[in-house]
Amino acid sequence: MVTNNMSAEKIRDRVDLQLVADMIKSGSRVLDIGCGDGDLLNYLVHFKQVDGRGIELSQEGVNKSVSLGLAVVQGDAEDDLKNYPSDAFDYVILSQTLQSIYDVRGTLNELLRIGQHAIVSFPNLGYWRVRFDLLIHGRSPMSEKLPYKWCDSPNIRFFTLTDFVALAGEMGFVIHRIVSINHRGHATPKNSVGIWTNWLAEEAIYLLSRD
Amino acid sequence: MTTVSNSNNAHEGSIPVEPAVIDLPGHNIVLGEQVPLSLVSGQKLGPFTISYQTYGKLNADRSNAILVCHALTGDQFAAEVHPITGNVGWWNMVVGSELPIDTDRYYVICINVLGGCMGSAGPRDINPKTGKQFGLSFPLITITDIVAAQKLVIDYLGIEKLFCVTGGSMGAMQVLEWASKYPHRVSCAIPIAGAARHSAQNIAFHEVGRQAIMSDPDWRNGNYYENQELPNRGLSVARMAAHITYMSDSALHRKFGRELQDRTNVSYGFEADFQIESYLRHQGNSFVERFDANSYLYITRAMDYFDLAAEHDDVLANAFLNTDVKFCLISFTSDWLFPSSESRQIVHALNAVGASVSFVEVNTDSGHDAFLLNEPEFFSILSGFIAAAADQSNI
């Protein structure tokens with residue numbers, strides 16, 4: 001089918017989404033929060049036979065998703081997660097969204113209440129170019145993954161790979177996998193975040209569980 | 001007509017309904033002949049007539065049927081020139097060849113609701129026991145009864161499972177009732193601009209409409225059928241008041257503003273100076289040509305009584321436990337009669353039971369009536385969801 005191939009192509013273009021997809025077992029129950037146009041979800045439904053659901057804020061994204069036959073509701077991660085029962089999903093995905101969420105702890109708790117696993121990806125403020133921008137140029141950092149000027153950015157949380165590891169530990173979550181992605185899009189699986197990883201990763205994906 | 005026989009105990013106390021003389025296109029079937037329909041009120045109905053219309057062709061394995069449920073003042077003529085008014089069908093932009101509900105692909109059924117006045121049993125019909133029209137002696141009906149009668153039609157058509165049930169406003173209530181009561185008979189459900197219960201505000205508006213009808217001296221406690229004068233003034237005021245609730249403030253301003261009707265100055269009197277007044281009067285006057293005042297009382301009451309959660313310990317989610325039905329809810333930003341928050345409540349209940357649900361709030365200033373108007377965004381969601389579901393069901 002045309003739509004399936006299109007999804008597969010779009011997924012191949014997005015290294016981060018491909019890596020997220022690789023973390024998900026076939027046939028599982030998946031909630032994709034901030035699912036955009038539904039590309040990842042559509043890929044997972046057709047190629048991994050998941051029972052997939054999505055939440056998306058933009059009407060355009062919801063329309064495209066629903067037109068693909070996906071079960072996507074217009075809503076907001078911070079308001080709508082509370083309605084889902086505990087353990088409703090095997091995986092709850094939060095791609096490139098955590099940096100714009102006000103209640104970070106509450107949202108992470110909700111992810112791992114309704115899901116066995118959470119897959120969280122975000123841009124790394126510890127990336128060397130970002131650090132240099134601030135250190136050398138004295139300007140608020142911008143990068144391919146942090147493309148907004150400080151005054152236009154929807155991002156309200158700026159944190160690094162190491163920050164996230166510390167928060168997950170503090171909240172009692174177990175990190176099963178970390179994949180760091182450098183500016184060339186090369187992904188490297190890690191067991192922990194060392195000093196150099198935090199310098200070189202432009203973004204990262206974490207697979208977490210409660211225990 | 002006396003139809004008492006000892007083998008027919010099921011009909012003891014059942015109310016038979018003889019159709020008033022009508023000659024409309026479409027299909028009429030007599031239901032409740034063997035077993036009467038048990039109404040929520042405790043009364044039994046049968047035999048009675050239900051009128052419906054169909055578009056498209058039922059496929060060989062009877063898997064492509066879409067039931068379209070009409071709203072309060074709609075009827076079965078969804079996609080054709082109306083036999084009484086001569087206007088285009090109320091969903092002529094949605095149901096038809098190559099339209100969102102594509103009659104080249106699906107078999108579309110639209111049933112005049114029980115209590116209605118386009119052929120289905122209602123207060124204008126004859127009580128064979130008295131030989132007179134029922135008026136207010138017609139039993140009260142509910143959304144549950146309306147859907148139970150629809151299910152008898154679907155049984156009669158030999159359709160095991162409806163591919164889709166959809167409708168707006170009161171139609172959405174029927175969709176929810178179908179999905180809740182007969183989940184194994186529905187593959188996907190699309191309630192549009194609906195609610196799982198009629199709000200206090202909406203009951204209030206309905207009461208205004210009913211009081212307008214009942215204060216018309218020509219209404220005569222509902223026994224007006226043999227008179228020259230029908231309670232048209234009351235019914236027309238009811239329609240005018242209701243029509244305001246179907247639109248939004250900004251749509252009214254966009255369409256009418258403070259423009260005057262056929263004059264350059266106000267009349268300093270009570271003529272229809274403003275275009276909006278003239279428009280509402282026209283809406284009221286044309287409505288009475290096709291609608292029965294008592295039917296309006298009965299159907300508004302059916303909506304008022306609708307409360308899906310109430311039947312399930314006030315927990316809406318319990319109305320959909322273990323459901324396999326795929327839901328797609330659609331609401332409109334400027335709809336203040338059935339606001340998006342009502343749809344969202346249903347979405348939350350469906351999420352709570354892990355149902356497959358899509359939900360879109362369409363951006364428009366057209367108010368509640370948006371589901372009847374040219375809303376390309378709405379059409380694209382509707383056709384996208386239905387086509388994708390049909391692909392998955394190999395239709």
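Two strands pair if DSSP finds at least two bridges between them. These legends use that rule throughout a predicted model.

**View 1. Strand β5 of chain A pairs with strand β8 in the antiparallel sense.** Seven bridges join β5(A) to β8(A), which covers residues 203–209. Within this pairing, A:Val120 stands opposite A:Tyr206 of β8(A). Strand β5(A) spans residues 115–123, and eight of its nine residues are buried. The strand is therefore largely enclosed by the rest of the structure. In a regular strand, side chains alternate between the two faces of the sheet.

**View 2. Strands β4 and β5 of chain A run parallel.** Strand β4(A) takes in residues 89–95, and six bridges join it to β5(A). How does the chain cross from β4(A) to β5(A)? The path goes through helix α6(A), residues 104–114. This β-α-β crossover is right-handed.

**View 3. Three strands of chain B form an open sheet in the order β1-β4-β3.** The pairing in this sheet is mixed. Its edge strands are β1(B), residues 14–15, and β3(B), residues 37–38, and each pairs on one side only. Strand β4(B) covers residues 44–45 and pairs with β1(B) in the parallel sense over two bridges. Here B:Ile15 stands opposite B:Leu45 of β4(B).

**View 4. A cis peptide bond links B:Gly46 to B:Pro47.** Omega of this bond is near -5°. B:Pro47 lies in the loop between β4(B) and β5(B), the latter spanning residues 48–55. Most peptide bonds are trans, and most residues other than glycine have a negative phi.

**View 5. Helix α1 of chain B is largely enclosed by the rest of the structure.** Helix α1(B) runs over residues 143–156 and has 14 residues. From first C-alpha to last it reaches 20 Å, close to the 20 Å expected at 1.5 Å a residue. How many of its residues are buried? The count is 10 of the 14, which is why the helix is largely enclosed. Among the buried residues are B:Ile143, B:Ile146, B:Val147 and B:Gln150, as well as B:Leu152 and B:Ile154. Residues three or four places apart point the same way, because an α-helix has 3.6 residues a turn. Just after α1(B), B:Gly158 takes a positive phi of about 70°.

**View 6. B:Glu98 has a positive phi although it is not a glycine.** Its phi is about 60°. B:Glu98 is found in the loop between β7 (95–96) and β8 (101–102) of chain B. Is B:Glu98 buried or exposed? B:Glu98 has 9, so it is exposed.

**View 7. B:Asn394 is a residue other than glycine with a positive phi.** The value is near 55°. B:Asn394 lies in the segment after helix α9(B), which covers residues 376–392. With 7 other C-beta atoms within 10 Å, B:Asn394 is exposed.

How values were computed. Residues are numbered from 1 along each chain as its sequence is written. Chains are lettered from A and ligands numbered from 1 in the order in which they are written. This is a predicted model: local features need pLDDT of at least 70, side-chain atom pairs count only at pLDDT 80 or more; totals for chains, interfaces and linings use all residues. Helices (H or I, at least four residues) and strands (E, at least two) are DSSP runs, numbered from the N terminus. A residue is buried if 20 or more other C-beta atoms lie within 10 Å of its own, exposed if 12 or fewer, and partly exposed in between; C-beta atoms are placed from the backbone. A crossover is right-handed if, with the strands pointing away from the viewer, the path from the first strand over the helix to the second runs clockwise. The expected span of a helix is 1.5 Å times one less than its number of residues.
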